[in-house]
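The sequence and the model come first.

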Amino acid sequence: MNTSVQPILSARGLVKRYGRVTALDNADFDLYPGEILAVIGDNGAGKSSLIKAISGAVIPDEGEIKLEGQQVQFRSPMEAREAGIETVYQNLALSPALSIADNMFLGRELRKPGIMGQWFRMLDRPAMEKRAREKLNELGLMTIQNISQAVETLSGGQRQGVAVARAAAFGSKVVIMDEPTAALGVKESRRVLELILDVKKRGLPIVLISHNMPHVFEVADRIHIHRLGRRLCVVDPKLISMSDAVALMTGAKKPPEDALAA
Ligand SMILES: Nc1ncnc2c1ncn2[C@@H]1O[C@H](COP(=O)(O)OP(=O)(O)OP(=O)(O)O)[C@@H](O)[C@H]1O
(Lines give C-alpha, C1' and ligand atoms only; values in the text may rest on other atoms or scores of the structure.)
Protein backbone atom coordinates (compact mmCIF):
# COMPACT_ATOMS: atom_id res chain seq x y z
CA MET A 1 0.00 0.00 0.00
CA ASN A 2 1.39 3.38 -1.00
CA THR A 3 1.12 5.44 2.17
CA SER A 4 3.00 8.37 0.61
CA VAL A 5 -0.22 9.48 -1.13
CA GLN A 6 -2.86 11.48 0.74
CA PRO A 7 -5.27 9.34 2.77
CA ILE A 8 -8.81 9.42 1.42
CA LEU A 9 -10.16 9.52 4.98
CA SER A 10 -8.22 10.38 8.09
CA ALA A 11 -8.77 11.38 11.70
CA ARG A 12 -6.53 12.92 14.33
CA GLY A 13 -6.96 13.10 18.09
CA LEU A 14 -10.54 11.84 18.28
CA VAL A 15 -12.01 11.84 21.76
CA LYS A 16 -15.45 10.48 22.67
CA ARG A 17 -16.61 10.24 26.26
CA TYR A 18 -19.76 8.59 27.55
CA GLY A 19 -20.01 9.90 31.10
CA ARG A 20 -16.98 8.47 32.88
CA VAL A 21 -16.12 6.06 30.06
CA THR A 22 -13.65 7.30 27.45
CA ALA A 23 -14.50 5.29 24.34
CA LEU A 24 -12.05 7.19 22.10
CA ASP A 25 -8.92 8.53 23.72
CA ASN A 26 -6.94 10.60 21.20
CA ALA A 27 -7.54 8.14 18.35
CA ASP A 28 -5.95 8.50 14.91
CA PHE A 29 -7.05 6.82 11.70
CA ASP A 30 -5.91 6.70 8.07
CA LEU A 31 -7.52 5.00 5.08
CA TYR A 32 -5.70 5.08 1.74
CA PRO A 33 -7.22 4.93 -1.76
CA GLY A 34 -8.07 1.44 -3.00
CA GLU A 35 -7.17 -0.47 0.16
CA ILE A 36 -8.98 -2.81 2.50
CA LEU A 37 -8.11 -1.62 6.00
CA ALA A 38 -9.13 -3.98 8.80
CA VAL A 39 -9.73 -2.52 12.27
CA ILE A 40 -9.21 -5.04 15.05
CA GLY A 41 -9.26 -4.74 18.83
CA ASP A 42 -10.50 -6.37 21.99
CA ASN A 43 -14.10 -6.00 23.18
CA GLY A 44 -14.64 -2.42 24.31
CA ALA A 45 -11.45 -1.14 22.63
CA GLY A 46 -13.46 1.55 20.85
CA LYS A 47 -13.69 0.18 17.30
CA SER A 48 -17.41 0.86 16.89
CA SER A 49 -17.02 4.31 18.44
CA LEU A 50 -14.27 5.09 15.92
CA ILE A 51 -16.40 3.93 13.01
CA LYS A 52 -19.43 5.82 14.30
CA ALA A 53 -17.36 9.00 14.58
CA ILE A 54 -16.10 8.80 10.99
CA SER A 55 -19.53 7.85 9.61
CA GLY A 56 -21.49 10.59 11.37
CA ALA A 57 -23.35 8.30 13.81
CA VAL A 58 -21.71 9.98 16.82
CA ILE A 59 -20.17 13.42 17.07
CA PRO A 60 -16.70 13.29 18.67
CA ASP A 61 -16.00 15.62 21.61
CA GLU A 62 -12.58 16.49 20.20
CA GLY A 63 -10.42 15.86 17.16
CA GLU A 64 -10.66 16.36 13.43
CA ILE A 65 -11.72 14.27 10.46
CA LYS A 66 -10.61 14.87 6.88
CA LEU A 67 -12.10 13.48 3.69
CA GLU A 68 -9.77 13.87 0.70
CA GLY A 69 -7.75 16.40 2.70
CA GLN A 70 -10.75 18.61 3.53
CA GLN A 71 -11.91 18.91 7.13
CA VAL A 72 -15.44 17.55 7.61
CA GLN A 73 -17.87 17.57 10.53
CA PHE A 74 -20.67 15.08 10.01
CA ARG A 75 -23.68 15.72 12.22
CA SER A 76 -25.57 12.61 11.06
CA PRO A 77 -25.01 9.40 9.06
CA MET A 78 -27.00 11.05 6.25
CA GLU A 79 -24.39 13.81 5.98
CA ALA A 80 -21.61 11.22 5.76
CA ARG A 81 -23.59 9.32 3.10
CA GLU A 82 -24.05 12.50 1.11
CA ALA A 83 -20.28 12.97 1.23
CA GLY A 84 -19.78 9.45 -0.21
CA ILE A 85 -19.19 7.39 2.96
CA GLU A 86 -21.51 4.37 3.21
CA THR A 87 -21.62 2.20 6.31
CA VAL A 88 -22.95 -1.34 6.75
CA TYR A 89 -23.76 -1.43 10.47
CA GLN A 90 -23.88 -4.63 12.51
CA ASN A 91 -27.68 -4.57 12.54
CA LEU A 92 -27.64 -3.95 8.73
CA ALA A 93 -30.24 -1.16 9.03
CA LEU A 94 -32.58 -2.89 6.59
CA SER A 95 -36.39 -2.76 6.80
CA PRO A 96 -37.45 -6.42 6.83
CA ALA A 97 -40.98 -5.90 5.50
CA LEU A 98 -39.81 -3.86 2.51
CA SER A 99 -38.59 -5.29 -0.77
CA ILE A 100 -34.94 -5.61 -1.83
CA ALA A 101 -35.33 -2.69 -4.23
CA ASP A 102 -37.05 -0.49 -1.62
CA ASN A 103 -34.30 -1.27 0.89
CA MET A 104 -31.58 -0.39 -1.57
CA PHE A 105 -33.16 3.02 -2.09
CA LEU A 106 -34.18 3.58 1.54
CA GLY A 107 -33.84 7.30 2.31
CA ARG A 108 -33.01 8.22 -1.30
CA GLU A 109 -36.03 6.95 -3.20
CA LEU A 110 -36.34 7.72 -6.89
CA ARG A 111 -39.46 9.72 -7.68
CA LYS A 112 -41.39 10.79 -10.74
CA PRO A 113 -44.07 13.45 -11.24
CA GLY A 114 -47.54 12.29 -10.10
CA ILE A 115 -50.90 13.10 -11.64
CA MET A 116 -50.87 16.48 -9.91
CA GLY A 117 -47.57 17.35 -11.58
CA GLN A 118 -44.31 18.23 -9.82
CA TRP A 119 -45.98 19.00 -6.48
CA PHE A 120 -46.87 15.37 -5.72
CA ARG A 121 -43.95 13.22 -6.74
CA MET A 122 -44.63 9.48 -6.62
CA LEU A 123 -42.17 6.69 -5.97
CA ASP A 124 -40.70 5.50 -9.27
CA ARG A 125 -40.78 1.82 -8.35
CA PRO A 126 -39.95 0.43 -11.84
CA ALA A 127 -36.85 2.66 -12.01
CA MET A 128 -35.74 1.60 -8.51
CA GLU A 129 -36.28 -2.07 -9.32
CA LYS A 130 -34.33 -1.75 -12.58
CA ARG A 131 -31.40 0.03 -10.90
CA ALA A 132 -31.42 -2.39 -7.94
CA ARG A 133 -31.37 -5.39 -10.31
CA GLU A 134 -28.48 -3.87 -12.27
CA LYS A 135 -26.50 -3.26 -9.08
CA LEU A 136 -27.05 -6.75 -7.71
CA ASN A 137 -26.12 -8.31 -11.07
CA GLU A 138 -23.01 -6.17 -11.26
CA LEU A 139 -21.97 -7.43 -7.83
CA GLY A 140 -22.66 -11.03 -8.80
CA LEU A 141 -25.64 -11.50 -6.47
CA MET A 142 -27.45 -13.56 -9.08
CA THR A 143 -29.02 -15.84 -6.48
CA ILE A 144 -31.59 -13.16 -5.80
CA GLN A 145 -34.31 -13.87 -8.34
CA ASN A 146 -37.01 -11.45 -7.37
CA ILE A 147 -36.16 -7.87 -6.63
CA SER A 148 -39.61 -7.17 -5.16
CA GLN A 149 -39.17 -9.97 -2.58
CA ALA A 150 -39.38 -8.78 1.04
CA VAL A 151 -36.01 -8.73 2.79
CA GLU A 152 -37.44 -10.77 5.72
CA THR A 153 -37.76 -13.75 3.35
CA LEU A 154 -34.03 -13.75 2.47
CA SER A 155 -31.29 -15.81 4.10
CA GLY A 156 -28.76 -14.10 6.39
CA GLY A 157 -26.15 -14.09 3.65
CA GLN A 158 -28.54 -12.65 1.09
CA ARG A 159 -29.55 -9.89 3.54
CA GLN A 160 -25.92 -9.09 4.13
CA GLY A 161 -25.53 -9.05 0.34
CA VAL A 162 -28.31 -6.47 0.00
CA ALA A 163 -26.72 -4.27 2.69
CA VAL A 164 -23.28 -4.56 1.06
CA ALA A 165 -24.73 -3.97 -2.42
CA ARG A 166 -26.50 -0.85 -1.16
CA ALA A 167 -23.26 0.47 0.33
CA ALA A 168 -21.27 -0.41 -2.79
CA ALA A 169 -23.90 1.12 -5.07
CA PHE A 170 -24.03 4.46 -3.28
CA GLY A 171 -20.67 4.74 -1.54
CA SER A 172 -18.77 6.90 -3.98
CA LYS A 173 -15.69 7.31 -1.77
CA VAL A 174 -15.57 4.89 1.18
CA VAL A 175 -17.41 1.76 2.32
CA ILE A 176 -17.32 0.85 6.03
CA MET A 177 -18.41 -2.59 7.23
CA ASP A 178 -18.90 -3.40 10.90
CA GLU A 179 -18.65 -7.18 11.51
CA PRO A 180 -20.18 -8.15 8.16
CA THR A 181 -19.67 -11.90 8.66
CA ALA A 182 -20.45 -12.13 12.39
CA ALA A 183 -23.90 -13.68 12.06
CA LEU A 184 -23.24 -15.78 8.97
CA GLY A 185 -22.53 -19.42 8.17
CA VAL A 186 -19.40 -20.58 6.35
CA LYS A 187 -20.84 -20.37 2.83
CA GLU A 188 -22.52 -17.03 3.39
CA SER A 189 -19.37 -15.57 4.98
CA ARG A 190 -17.40 -16.65 1.94
CA ARG A 191 -19.79 -14.83 -0.36
CA VAL A 192 -19.51 -11.65 1.72
CA LEU A 193 -15.70 -11.83 1.64
CA GLU A 194 -15.89 -12.20 -2.14
CA LEU A 195 -18.19 -9.18 -2.23
CA ILE A 196 -15.69 -7.16 -0.21
CA LEU A 197 -12.96 -8.07 -2.70
CA ASP A 198 -15.32 -7.19 -5.58
CA VAL A 199 -15.94 -3.77 -4.07
CA LYS A 200 -12.18 -3.24 -3.78
CA LYS A 201 -11.73 -4.31 -7.42
CA ARG A 202 -14.17 -1.58 -8.39
CA GLY A 203 -11.76 0.90 -6.81
CA LEU A 204 -13.54 1.69 -3.53
CA PRO A 205 -11.53 1.59 -0.31
CA ILE A 206 -13.08 -0.43 2.51
CA VAL A 207 -12.84 -0.31 6.29
CA LEU A 208 -13.57 -3.74 7.75
CA ILE A 209 -14.18 -4.14 11.48
CA SER A 210 -13.95 -7.79 12.42
CA HIS A 211 -13.15 -10.18 15.24
CA ASN A 212 -12.59 -12.96 12.73
CA MET A 213 -8.80 -13.14 12.32
CA PRO A 214 -8.74 -15.60 9.37
CA HIS A 215 -11.14 -13.30 7.47
CA VAL A 216 -9.06 -10.24 8.34
CA PHE A 217 -5.83 -11.90 7.25
CA GLU A 218 -7.45 -13.15 4.06
CA VAL A 219 -8.67 -9.81 2.71
CA ALA A 220 -6.92 -6.90 4.48
CA ASP A 221 -4.08 -4.89 2.93
CA ARG A 222 -3.29 -3.30 6.30
CA ILE A 223 -4.50 -3.89 9.84
CA HIS A 224 -5.21 -1.02 12.25
CA ILE A 225 -4.90 -2.37 15.79
CA HIS A 226 -7.09 -0.46 18.24
CA ARG A 227 -6.42 -0.67 21.96
CA LEU A 228 -7.78 1.26 24.95
CA GLY A 229 -9.55 3.85 22.79
CA ARG A 230 -6.75 4.63 20.37
CA ARG A 231 -4.73 3.32 17.43
CA LEU A 232 -1.91 1.26 18.87
CA CYS A 233 -0.24 0.53 15.53
CA VAL A 234 -0.82 -0.46 11.92
CA VAL A 235 0.60 -3.74 10.69
CA ASP A 236 1.01 -5.52 7.36
CA PRO A 237 -0.77 -8.93 7.42
CA LYS A 238 1.93 -10.32 5.11
CA LEU A 239 4.60 -9.53 7.69
CA ILE A 240 2.96 -10.54 10.97
CA SER A 241 1.46 -13.76 12.29
CA MET A 242 -2.13 -13.98 13.46
CA SER A 243 -1.00 -14.84 16.99
CA ASP A 244 1.29 -11.77 17.13
CA ALA A 245 -1.57 -9.54 15.94
CA VAL A 246 -3.77 -10.94 18.73
CA ALA A 247 -0.94 -10.43 21.26
CA LEU A 248 -0.68 -6.76 20.23
CA MET A 249 -4.45 -6.37 20.44
CA THR A 250 -4.64 -7.77 23.96
CA GLY A 251 -1.53 -6.00 25.27
CA ALA A 252 0.46 -9.23 25.66
CA LYS A 253 3.03 -7.80 23.26
CA LYS A 254 4.34 -4.29 22.53
CA PRO A 255 4.31 -2.97 18.95
CA PRO A 256 7.65 -2.82 17.12
CA GLU A 257 9.13 0.69 16.61
CA ASP A 258 8.30 0.79 12.90
CA ALA A 259 4.70 -0.47 13.21
CA LEU A 260 3.05 2.92 13.60
CA ALA A 261 2.72 3.78 9.95
CA ALA A 262 3.10 0.41 8.21
N1 LIG B 1 -23.67 4.79 23.91
C2 LIG B 1 -22.81 4.46 24.85
N3 LIG B 1 -23.02 4.78 26.15
C4 LIG B 1 -22.15 4.47 27.12
N5 LIG B 1 -20.98 3.81 26.89
C6 LIG B 1 -20.71 3.48 25.63
C7 LIG B 1 -21.58 3.76 24.54
N8 LIG B 1 -21.03 3.29 23.39
C9 LIG B 1 -19.86 2.72 23.74
N10 LIG B 1 -19.66 2.83 25.07
C11 LIG B 1 -18.49 2.33 25.83
O12 LIG B 1 -17.34 2.77 25.15
C13 LIG B 1 -16.34 1.75 25.14
C14 LIG B 1 -15.96 1.40 23.70
O15 LIG B 1 -17.08 0.76 23.10
P16 LIG B 1 -17.12 0.35 21.56
O17 LIG B 1 -18.46 -0.23 21.29
O18 LIG B 1 -16.67 1.48 20.73
O19 LIG B 1 -16.00 -0.79 21.53
P20 LIG B 1 -15.75 -1.96 20.48
O21 LIG B 1 -14.26 -2.07 20.33
O22 LIG B 1 -16.52 -1.73 19.26
O23 LIG B 1 -16.28 -3.21 21.28
P24 LIG B 1 -16.93 -4.61 20.76
O25 LIG B 1 -15.87 -5.32 20.01
O26 LIG B 1 -17.26 -5.29 22.06
O27 LIG B 1 -18.14 -4.27 19.94
C28 LIG B 1 -16.93 0.58 25.92
O29 LIG B 1 -16.47 0.66 27.26
C30 LIG B 1 -18.42 0.82 25.84
O31 LIG B 1 -19.10 0.29 26.94
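Which strands does α1 lie across, and at about what angle does α1 run to β2? The helix α1 lies across β1, β2 and β4 (62-67), and runs at about 60 degrees to β2. Axes here are lines fitted to C-alpha atoms, for helices over the stretch in contact, and angles run from 0 to 180 degrees between N-to-C directions. Two residues are in contact if their C-beta atoms, placed from the backbone, lie within 7 Å. Helices (H or I, at least four residues) and strands (E, at least two) are DSSP runs, numbered from the N terminus.

The model is predicted: local features need pLDDT of at least 70, side-chain atom pairs count only at pLDDT 80 or more, and totals for chains, interfaces and linings use all residues. Residues are numbered from 1 along each chain as its sequence is written.

**Overall fold**

The protein has 8 helices and 12 strands. Its C-alpha trace spans about 65 × 40 × 35 Å along the principal axes. A compact globule of 262 residues would have a radius of gyration near 18 Å, and the 19 Å of the protein agrees with this. That radius is taken over C-alpha atoms, and the globule rule is 2.2 Å times the number of residues to the power 0.38. Of the 262 residues, 40% are buried. A residue is buried if 20 or more other C-beta atoms, placed from the backbone, lie within 10 Å of its own, exposed if 12 or fewer, and partly exposed in between. Among contacts between residues at least 6 apart in sequence, 68% join residues at least 24 apart.

**The sheet**

Four strands form an open sheet in the order β2-β1-β4-β5, with antiparallel pairing. Strands β2 and β5 (70-72) stand at the edges with a single partner strand each, so one side of each has no neighbour in the sheet. From one strand to the next the twist averages 30 degrees. Two strands pair if DSSP finds at least two bridges between them. Strand β1 (residues 9-18) pairs with β2 in the antiparallel sense over 8 bridges. In β2, Asp30 is the bridge partner of Ser10, and Leu31 is that of Leu9. The hairpin of β1 and β2 has 2 residues between the strands, and Gly19 in the turn has a positive phi of about 60 degrees.

**Ligand surroundings**

The residues around the ligand are Tyr18, Val21, Ala23, Gly41, Asn43, Gly44, Ala45, Gly46, Lys47, Ser48 and Ser49. By class the shell has 4 nonpolar, 6 polar and 1 charged residues. Ala, Val, Leu, Ile, Met, Phe, Trp, Tyr, Cys and Pro count as nonpolar, Asp, Glu, Lys and Arg as charged, and the others, Gly among them, as polar.

Definitions and conventions
Near = placed C-beta within 6 Å.
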